[in-house]
Amino acid sequence: MVSRNKRREVSFSTDQRGLTVATEREANGANPQRSSPDGLACRSCDLIFDVSMLRDGESANCTRCGGFLSRYTANQFEQVAAVSLAALVLLGLGCSYPFILLKFNGLESAMTLPQVSLSLISHGMPVLSFCVAGFIIVIPAVVLLLLLAMTGAIVTDRHYRWLPWVGRVIFTLKSWSMVEVFFLGVLVSLVKVSRMATVEMGVAFWAYAAFSVLFVLAMSGLDRAQSWRRIEWLGQ
Amino acid sequence: MSNLQPTAASRGLACCHLCLKLVSQATHRCPRCGSTIHSRKANSLERTLALLMTATILYIPANLLPIMITDQLGQSIESTIVGGVILLLDMGSIAIALVIFAASVIIPLTKLALLYYLCWSVRRGPPETVRQRTAIYRVIEFIGKWSMIDVFVVAILVALINLSNLLVIRPGPAALAFAGVVILSMVAAESFDPRLMWDRQETIDE
Ligand SMILES: [Zn+2]
Ligand SMILES: [Zn+2]
């Protein structure tokens, strides 16, 4: 969870409609749609809450099971758009330059990122190759591209017919990217190989390292409830 | 308590699993995102158990078959997941051995065992632990993909170490089986519906 803003727990009370709402009501860093109450149910225990009163930097958790509900950040979509764009450029670099260089008994070889997946095909494992490519390159790239489209539409206040479809693909795919897991795998491999050969990190290694940090930042900055409230609001 | 803090189900509402919109349970398609609306995940327990059992069975070949084959100077050495960890310990890479052991043995086995327990607890679990069980579910959801490390390490070594006849590393069938275990148990965790545990809690309270 990354938030540079102050984080405060919001207390809940029950209003006349029987919905549980956040009690803070000052206009400081106001949520543009705070006037329209919008209930959501906790994904873990089904209790109903209203998160439309969250102020900038505040996050809400379920009072019964502690599950995360939503966080409101005033410039969330600008931030996510900028981070996604940078991450996409870095992923492009990470795919096109040597990732790791190896020197062993006078022999040299270089590995690129797509080769991590492609070399599995040449060893007769197309299914595994497909999965690896998906987890580390394709799914993150698709999520970032669609995220740029979604945040672009939200930031410029425009509605498009494909917006709900884009949102659905983003929130379905995002739990299937394994960027940070792969990067830990890279570090483990480097330590393993460095015992028998000389290894050098290429340009793509550093690009992918920065990419994975930005990707995790973009994913944790993106709030499901707030994104969909904005998409719905644009469509009205 | 259920009067003060209503659940969506108790008001005839359902929360869209994808966009979190609250709609009437009679709705078929979410008006906001277009997903199919279910008050609870469809056939949650049956699906979770079926996926769990498949993952458990697949975990056996994942451990018995070689995950990586090293061809060095005409000689082939096969290594299993646990064999690889022991080899790392022999070489003195204790930290790396621990990472691989945690990711490939401890995490998947704990995850499978805890998911079986959660499925069992929906009907028979002690009601006072429902909050802790929900916390367990969230940890399982978060930790699942970290098991994939060893598969990635094999894929990287295969791509990196390919030095003509001198030294070649090939992936073994266990790499595919183990990737299957991780993916199936991730889908199993996604199919489990923690709200079922709270539903039973509420019928006890009343
Ligand atoms: Zn809850
Ligand atoms: Zn929806």
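Author: Donors are N, O and S atoms within 2.8 Å of the metal (3.2 Å for Na, K and Ca); water is not among the atoms, so sites may look incomplete. This is a predicted model, where local features need pLDDT of at least 70, side-chain atom pairs need 80 or more, and totals for chains, interfaces and linings use all residues. Residues are numbered from 1 along each chain as written, chains are lettered from A and ligands numbered from 1 in written order, and side-chain values use heavy atoms, without hydrogens or water.

Reader: What spacing do the donors of the zinc ion (ligand 1) follow along the chain?

Author: Four residues coordinate the zinc ion (ligand 1): A:Cys42, A:Cys45, A:Cys62 and A:Cys65, each through SG, at 2.3 to 2.4 Å. Along the chain, their spacing is C-x2-C-x16-C-x2-C.

Reader: Which arrangement do the 4 donor atoms around the zinc ion (ligand 1) have?

Author: Four donors count as tetrahedral if all angles lie between 85 and 135 degrees. Around the zinc ion (ligand 1), the 4 donor atoms subtend angles of 99 to 115°, so the arrangement is tetrahedral.

Reader: How are the donor residues of the zinc ion (ligand 2) spaced in sequence?

Author: B:Cys16, B:Cys19, B:Cys30 and B:Cys33 coordinate the zinc ion (ligand 2) through SG, at 2.2 to 2.4 Å. With angles of 102 to 119° among the 4 donor atoms, this site is tetrahedral. The sequence spacing is C-x2-C-x10-C-x2-C.

Reader: How many residues apart in sequence are the parts that B:Cys19 and B:Cys33 tie together?

Author: Helices (H or I, at least four residues) and strands (E, at least two) are DSSP runs, numbered from the N terminus. B:Cys19 lies in the loop between strand 1 (13-15) and strand 2 (22-24) of chain B. B:Cys33 lies in the loop between strand 2 and helix 1 (44-64) of chain B, so the pair ties together parts whose separation in residues is 14.

Reader: What is the relative accessibility of B:Cys33?

Author: B:Cys19 is buried, with a relative accessible area of 0%. B:Cys33 also counts as buried, at 3%.

Reader: In chain A, what share of the contacts with a separation of 6 or more comes from residues 24 or more positions apart?

Author: Chain A has 7 helices and 9 strands. Of its 236 residues, 54% are buried. Contact means heavy atoms within 4.5 Å. Among contacts in chain A with a separation of 6 or more, residues 24 or more positions apart account for 63%.

Conventions:
Tetrahedral: all angles 85-135°; square planar, octahedral: opposite > 155°, others 65-115°. Buried < 20%, exposed > 50% of the residue type's maximum accessible area, 1.4 Å probe, protein only.
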